[in-house]
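Let us work through a predicted model, one question at a time. Start by looking at it.

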Amino acid sequence: MHLSDRLAMVASFVTPGSCISDVGCDHGYLSIWLVENDVCKRIIASDIRPGPLQKGMDNAERFGVDEKIEFRLCDGLADIEESEVDEIVICGMGGEVISTILSDSPWSLKKRLILNPASKADQLRSFLYSNGMEIVSERLVMDSGLMYNVIEARPGNVYLPSPAETYVSPALLVSGDPLLEKYLNRIEGILEDAYRGTAASSKAHDVERCEFFRQALEGVIEMKRKICHD
């Protein structure tokens, strides 16, 4: 089984010997690779969609690893018990969807999390910070011309981030990731657009958002200066 660059990065975060929940497993590629390469001794692979889940089951049987992967049709972690897994992997969903899945199963916030948001990573970081999860590692990966974040979070303390830290975690800033400068440039552009868009509005909500974007933009620019200086 060959993994995409994105899933290979996710796989590199998984603790050898662990039992994991692969939420939103799709066709099961990540789960199959982890079992095939003896990284995980057992996996619960879940998906809310019957079609992809069945495809995952078929793939696991084709690769001869179906006895080590249990497939479950369920919404997020709804049919998975805390005692069944050591770590939780959630890939390819928006940050707001991942946050909802974790919020709906509070026990998940006691586990090591490996998260790969497809969008709105800032919302996911804000959720993690406010729910006592520490982002201990974050890396970037390019796949098919798109840049993705892979976040490792563990139980810690509630942390009040600066506006910029919702877009660039302290862990990512000190990671030395070769894609960091490119990522900071991208985030700076996004925040510039957001700031200009809200600055033109007189609505009270947009005034508040405008100030948030201004502070975030200034913070990211300062982060870029630090990276260039180092």
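Q: Does Asp-38 count as buried, partly exposed or exposed, and what value decides the class?
A: This is a predicted model. Asp-38 lies in the loop between α2 and β2 (40-47). A residue is exposed when its relative accessible area is over 50%. Because Asp-38 reaches 61% relative accessibility, it counts as exposed.

Q: Which class does Asp-26 fall into: buried, partly exposed or exposed?
A: Asp-26 sits in the loop between β1 (18-23) and α2 (29-36). Buried needs under 20%, exposed needs over 50%. Asp-26 has 30% relative accessibility, so it is partly exposed.

Q: What is the phi of Asp-26?
A: Most residues other than glycine have a negative phi. Asp-26 is not a glycine, yet its phi is positive. The value is about 55°.

Q: Which element gives the largest share of the lining of the largest pocket?
A: The largest pocket has a volume of about 430 Å³. Of its 24 lining residues, the closest to the centre are Gly-24, Cys-25, Asp-47, Arg-49 and Cys-91. Elements that give two or more residues to this lining include α1 (5-13) and α4 (95-104). The largest share, four residues, comes from α4.

Q: How many residues of the lining of the second largest pocket are charged?
A: The second largest pocket has a volume of about 270 Å³. It is lined by 16 residues, with Lys-120 and Arg-186 among the closest to its centre. By class, 10 are nonpolar and two are polar. The number of charged residues is four.

Terms used: Residues numbered from 1 in each chain as written. Predicted model: local features only at pLDDT ≥ 70, side-chain atom pairs only at ≥ 80, totals over all residues. Heavy atoms only, no water. Buried < 20%, exposed > 50% of the residue type's maximum accessible area, 1.4 Å probe, protein only. 1 Å grid on protein atoms, 1.4 Å probe; cavity = no way out; pocket = protein on both sides within 12 Å on 5 of 7 lines; lining within 4 Å. Points joined across faces, edges and corners; volume = space filled by probe spheres on them. Nonpolar A, V, L, I, M, F, W, Y, C, P; charged D, E, K, R; others polar.
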